[in-house]
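Welcome! Please take a look at the sequence and the 3D structure below, and then read on for a short tour.

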Amino acid sequence: MAVLPIRLYPDPVLRVRCPEVVEFDSELAKLVDNMIETMHVAPGIGLAAPQIGVEKRLAVVDLSAGDDPEQLWVLVNPHIGETSGSWVEDEGCLSIPDFTEKVPRPHEIEVTAQSVTGEPLQVSATGWLARAICHEVDHLEGVLFVDHLSGLRRERARRALKRLR
Ligand code: NI
């Protein structure tokens, strides 16, 4: 396994709509292993492929940050279906260091995805897991958490992003 450099805002790869994964081969398995290690070392609770410069619809999420293998989710070609509820909580991103802001997200989501070997997955997620998956799926669409902000929060984000540029 290898720890890969994480792309930072304003790297244009963070704005790419990533195409679906079509080949479930050993190269994909290796990429996933490297993403998991990179996320854990960062440390972070989620990482999307474009954050390491790879334009593929693929993300990993682990709310335990490496403590509990049961909390590790590998989501290939994830899509969010039904959502319900809404809550606001602080969010950050490995690609936007040293900045957090309150972001609205659904409380419950239904997710369809595939495993690293191409098996279909159905995930019902609530709370922080739902939040983390929404954040990562956004990355795969070229969307960053700061895009969800409005008013004063958006203004604070604009100043933080200016520092990164
Ligand atoms: Ni992020």
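## A metal site and a sheet

His135 is buried, with a relative accessible area of 6%; buried means under 20%, exposed over 50% and partly exposed in between, using a 1.4 Å probe and protein chains only. Cys93 is buried as well, at 10%. This is a predicted model, in which local features need pLDDT of at least 70, side-chain atom pairs count only at pLDDT 80 or more, and totals for chains, interfaces and linings use all residues. Residues are numbered from 1 along each chain as its sequence is written, and side-chain values use heavy atoms, leaving out hydrogens and water.

Which protein donors does the nickel ion have? They are Cys93 (SG), His135 (NE2) and His139 (NE2), lying 2.1 to 2.3 Å from the ion. Donors are N, O and S atoms within 2.8 Å of the metal (3.2 Å for Na, K and Ca); water is not among the atoms, so sites may look incomplete. Along the chain, the spacing is C-x41-H-x3-H. Cys93 in strand 4 (residues 87-93) and His135 in helix 2 are 42 residues apart, linking distant parts of the chain. Helices (H or I, at least four residues) and strands (E, at least two) are DSSP runs, numbered from the N terminus.

Now for the sheet: 5 strands form an open sheet in the order 1-2-3-6-7, with antiparallel pairing. Strands pair if DSSP finds at least two bridges between them.

Strand 2 (residues 58-62) and strand 3 (residues 72-84) pair over 5 bridges, and Val60 has Val74 in strand 3 as its bridge partner.
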